Structures are given as structure tokens and as C-alpha cells.
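Here is a short briefing on one protein model. Please look over the sequence and the structure before reading the notes.

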Amino acid sequence: MSIVDIVMSCAKSNNLIFTSHSIDMLELRQNHIVPDKDGLRNLLSTQLPVYVEKQSNVKFKLFYSIDDKYDLITVVVHKSFNPDKISIITVHQQEAKRRRGNDATL
């Protein structure tokens, strides 16, 4: 199962762990690009990222296209494997032109 499938499954089954940093960043950065916790959970459960960057064996940066100009970047860690649990590390917006690829790769 790919990290994208695991994230979507965890978001649907509410097996997401929001770190205190991710909660702070969601509150600080919330706007028309960066959603609140419920909005992020909905996004992760329903949309495929346009690009995935593997940062370590368990840490990934997921790029979600929000509009023509911005991506929503979500950094996650695969914390547990039975059952799967995903920890949200941070969330921020970034200009889409900075994205390295156009397709989810993992």
C-alpha cells in the first residue's frame, strides 16, 4: 500500500495524529488555502496529492493542488503500522510553480 493510500485511509478512519506544532500552524496560517483541522482531514481523505516527496523511510511531503497558483504542503510521518496511523507534522501553502513534479509518485 502506498503512502497516499495510507494517508487517505487514516484520514477517513480518523487515525490522524495532529502534533501541537501542526495545530499551531493550522491556526496561524488558516486562510483560503490552508484549512482548519476538519478541512485538512477532508482534503486528505478525498483528494490525491499531485506530488509526493519522500524525506525518509517514514516521513513524506505531500503536495495538494488548491488552485492555479498555490499548493497546500502537508508533511506527514507514518507512525504506526498495525493499525496504520499518520502524524501530521506541519501544513503550509506554497506557490505551485515551486513543485518539483506533476504526479503523485508513491
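Contact here means heavy atoms within 4.5 Å. The model is predicted: local features need pLDDT of at least 70, side-chain atom pairs count only at pLDDT 80 or more, and totals for chains, interfaces and linings use all residues. Residues are numbered from 1 along each chain as its sequence is written, and side-chain values use heavy atoms, with hydrogens and water left out. Helices (H or I, at least four residues) and strands (E, at least two) are DSSP runs, numbered from the N terminus. Buried means under 20% relative accessible area, exposed over 50%, and partly exposed in between (1.4 Å probe, protein chains only).

**Thr74**

- Thr74 sits in strand β4, residues 70–81.
- Thr74 is buried, at a relative accessible area of 0%.
- Leaving out residues up to four places away in sequence, Thr74 touches Leu40, Leu44, Phe60, Lys61, Leu62, Tyr64, Ile88, Thr90 and Val91.

- Seven of the ten residues of α1 are buried, so the helix is largely enclosed by the rest of the structure.
- The buried residues in α1 are Ile3, Val4, Ile6, Val7, Met8, Cys10 and Ala11.
- Their cover includes β1 (16–18), α3, β2, β3, β4 and β5.
- α1 (residues 3–12) packs against α3 (residues 37–46) at an angle of about 135 degrees, with the axes 7 Å apart. Axes are lines fitted to C-alpha atoms, for helices over the stretch in contact, and angles run from 0 to 180 degrees between N-to-C directions.
- That angle makes α1 oblique to α3. Angles under 35 degrees count as roughly parallel, over 145 as roughly antiparallel, 65 to 115 as roughly perpendicular and the rest as oblique.
- The crossing of α1 past α3 is left-handed: the near helix is turned anticlockwise from the far one by less than a right angle.
- On the α1 side, Val7, Met8, Ala11 and Lys12 meet Arg41, Leu44, Ser45 and Thr46 of α3.

**Aromatic pair**

- Searching the whole structure gives one aromatic pair. Rings of Phe, Tyr and Trp (its six-membered ring) pair if their centres lie within 6.5 Å; planes under 30 degrees apart count as stacked, over 60 as edge-to-face and the rest as tilted.
- Tyr51 and Phe63 are the partners, edge-to-face, at 5.3 Å centre to centre and 70 degrees between the planes.
- Tyr51 is in strand β2 (residues 51–54) and Phe63 in strand β3 (residues 59–65), so the pair ties together parts twelve residues apart in sequence.
- Tyr51 counts as buried at 14% relative accessibility, and Phe63 counts as buried at 3%.

**Asp84**

- Asp84 lies in strand β5, residues 84–95.
- Asp84 is partly exposed, at a relative accessible area of 23%.
- The side chains of Asp84 and His78 are joined by a polar contact of 2.7 Å. Such a contact is a pair of N or O atoms within 3.5 Å; within protein, one must be able to donate a hydrogen and the other to accept it, and residues adjacent in sequence count only if both atoms are side-chain atoms.

**Backbone**

- Most residues other than glycine have a negative phi, and most peptide bonds are trans.
- Asn14, in the loop between α1 and β1, takes a positive phi of about 65 degrees.
- Asn82 and Pro83 are joined by a cis peptide bond, with omega about 5 degrees.
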